[in-house]
Amino acid sequence: DNLGGITCEFGPKDAPKVLVCSHQDEVGFRIQHITPDGFLHFLPVGGWWEHTLLSQKVSIRTSEGHFYSGIIGSKPVHFFKSSTT
């Protein structure tokens, strides 16, 4: 269909039916900056609440087509300044 969905049928017409359903879209990000230490600063493509992304595995593809694995991290909470001080 126009959204990229796929429908297929096989086997006898009177056989039990099975539906396999999934989300086609993926969360996307654009690398904004790479620090000298190799940390990536990125921007989401689309709207995402960044707290849901912490500790998620990611796969990064370079412009040459190489893939690198990583995990989204954050500063430890004790490094943030308190708003009450």
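Hi everyone, let's begin with strand S1 (28-34) and strand S2 (40-45), each of which supplies at least two residues of a nonpolar patch. This is a predicted model, in which local features need pLDDT of at least 70 and side-chain atom pairs count only at pLDDT 80 or more, while totals for chains, interfaces and linings use all residues. Residues are numbered from 1 along each chain as its sequence is written, and side-chain values use heavy atoms, with hydrogens and water left out.

Now, the overall layout. The protein chain has four strands and zero helices, giving the pattern β-β-β-β along the sequence. Strands here are DSSP runs of E, at least two residues, and helices are runs of H or I, at least four, numbered from the N terminus. Of the 85 residues in the chain, 4% are buried. Buried means under 20% relative accessible area, exposed means over 50%, and partly exposed is in between (1.4 Å probe, protein chains only).

Back to the patch. Which residues form it? They are Ile31, Ile34, Leu40 and Phe42, with about 320 Å² of accessible area together. Areas come from the Shrake-Rupley method with a 1.4 Å probe, and for residues only the protein chains shown count as cover. Isoleucine 31 belongs to strand S1, and it counts as partly exposed because its relative accessibility is 39%.

The largest pocket has a volume of about 1,100 Å³, and 31 residues line it, with Leu40, His41, Phe42, Ile72 and Gly73 nearest its centre. S1, S2, strand S3 (57-61) and strand S4 (67-71) are the elements giving two or more residues to that lining. A pocket is an open set of points on a 1 Å grid over the protein atoms alone, where a 1.4 Å probe fits, with protein on both sides within 12 Å along at least five of seven lines; lining residues have an atom within 4 Å of a point. Points are joined across faces, edges and corners, and the volume is the space filled by probe spheres set on them.

Last stop: serine 55, in the loop between S2 and S3. Serine 55 has a positive phi of about 70 degrees, although it is not a glycine.

Methods:
Patches are made of residues with over 30% relative accessible area and no salt bridge: like charges are joined within 9 Å, nonpolar side chains (Val, Leu, Ile, Met, Phe, Trp, Tyr) within 5 Å. A salt bridge is a side-chain nitrogen of Lys or Arg within 4 Å of a carboxyl oxygen of Asp or Glu.
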